[in-house]
Amino acid sequence: MASDLALLGPVVDAGLILAAALTLLAGYRVIKGPTVPDRVVALDTIGTNVVAIAVLFALDSGQGLFVTVSLVLAIIGFISTIAVSQYVIEGDIIE
Amino acid sequence: MNEIHQLVVAALVVVGSFFLLVGTVGLLRLPDVYNRMHATSKATTLGASSLLLAGFVYYGPQGAGLTSLVGIVFLFLTAPTGAHLISRSAQKMGVPLFGKEAKWPGEESD
């Protein structure tokens, strides 16, 4: 639906390209990050960027279902961040 | 969908993309895990919330637009919680603060 709009289509396409590039750049911090919390922070950022990509795709394709997809991705990202940070603390205590 | 409607959605998309850019540059360039967590948890949440607000303006107050509002509330509730948990686990792991003179409150400065 957004493809027949003269103004909105290029803006949303540019936003999609920028968000995808930023997600790839955050992967650098996941690989290189000096400590484990750096990697957790970078993975959290990637999760938020993927939420933004899903919303931009919902605007681009005109299908409102992808907004629900972004909400589910946000919930999964929050649960995974809590699980990994708790695992980091407990793992240090056990060893 | 008239011109004003498109202009509002495009402006919100531009603002959201700018805040995503600021957050990721902060993640890549800041020197410490606490500084990086600060940059990403504020700026990236603002960016994603602005994009969700663009989705609300695009889809109207029913269906997908209402889901966008629920997504904004969820992000504003959970992003500070996750950032607090990450910084607390980093402190318990003993990740040092950046700089020589910075200390945790309660620590004796030798």
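What share of the 95 residues of chain A count as buried? In this predicted model, the value for chain A is 43%.

The secondary structure of chain A is quickly told. Three helices are present and zero strands, and from the N terminus on the order of elements reads α-α-α. The contacts within the chain can also be sorted by their separation in sequence. When contacts between residues at least 6 apart in sequence are taken, 47% of them join residues at least 24 apart.

Attention now turns to the interface. On the side of chain B, 42 residues are in contact with chain A, and their partners in chain A number 50 residues. The size of an interface is often given as the accessible area lost when the parts come together. For chain B and chain A, the area buried between them is about 3,900 Å². Of this buried area, 80% lies on carbon and sulfur atoms.

Polar links are found across the interface as well. Six residue pairs are in polar contact between chain B and chain A, counting pairs with both residues at pLDDT 80 or more. Three elements of chain B each give two or more residues to the side that touches chain A: helix H1 (3-29), helix H2 (33-59) and helix H3 (64-93). The largest share comes from H3(B), with 15 residues. Sorted by type, the residues of chain B that touch chain A divide into 26 nonpolar, 13 polar and three charged.

Where does the salt bridge between chain B and chain A lie? Arg36(B) forms this salt bridge with Asp38(A), and the closest N and O atoms are 2.5 Å apart. Over all chains, the count comes to one salt bridge. The pair crosses between chains, running from Arg36(B) in helix H2 of chain B to Asp38(A) in helix H2 (residues 36-61) of chain A. Are these two residues buried or exposed? Both Arg36(B) and Asp38(A) are buried.

Helix H2 of chain A also holds Thr48(A). Leaving aside residues up to four places away in sequence, Thr48(A) touches Thr44(B) and Ala48(B). With a relative accessible area of 13%, Thr48(A) falls under the 20% limit and therefore counts as buried.

Over all chains, the count comes to four aromatic pairs. One of them joins Phe57(A) and Phe66(A), whose ring centres are 4.9 Å apart. The planes of Phe57(A) and Phe66(A) stand at 90 degrees to each other, so the pair is edge-to-face, the class for angles over 60 degrees. Phe57(A) is partly exposed, with a relative accessible area of 37%, and Phe66(A) is also partly exposed, at 24%.

Another of the aromatic pairs is found in chain B, between Tyr58(B) and Tyr59(B). This pair is edge-to-face, with 4.9 Å from centre to centre and 80 degrees between the planes. Tyr58(B) has a relative accessible area of 7% and is buried, because this value is under 20%.

Notes
Residues are numbered from 1 along each chain as its sequence is written. Chains are lettered from A and ligands numbered from 1 in the order in which they are written. This is a predicted model: local features need pLDDT of at least 70, side-chain atom pairs count only at pLDDT 80 or more; totals for chains, interfaces and linings use all residues. Side-chain values use heavy atoms; hydrogens and water are left out. Contact means heavy atoms within 4.5 Å. Buried area is the accessible area (1.4 Å probe) that two parts lose on being put together, summed over both. A salt bridge is a side-chain nitrogen of Lys or Arg within 4 Å of a carboxyl oxygen of Asp or Glu. A polar contact is a pair of N or O atoms within 3.5 Å; within protein, one must be able to donate a hydrogen and the other to accept it, and residues adjacent in sequence count only if both atoms are side-chain atoms. Helices (H or I, at least four residues) and strands (E, at least two) are DSSP runs, numbered from the N terminus. Ala, Val, Leu, Ile, Met, Phe, Trp, Tyr, Cys and Pro count as nonpolar, Asp, Glu, Lys and Arg as charged, and the others, Gly among them, as polar. Rings of Phe, Tyr and Trp (its six-membered ring) pair if their centres lie within 6.5 Å; planes under 30 degrees apart count as stacked, over 60 as edge-to-face and the rest as tilted. Buried means under 20% relative accessible area, exposed over 50%, partly exposed in between (1.4 Å probe, protein chains only).
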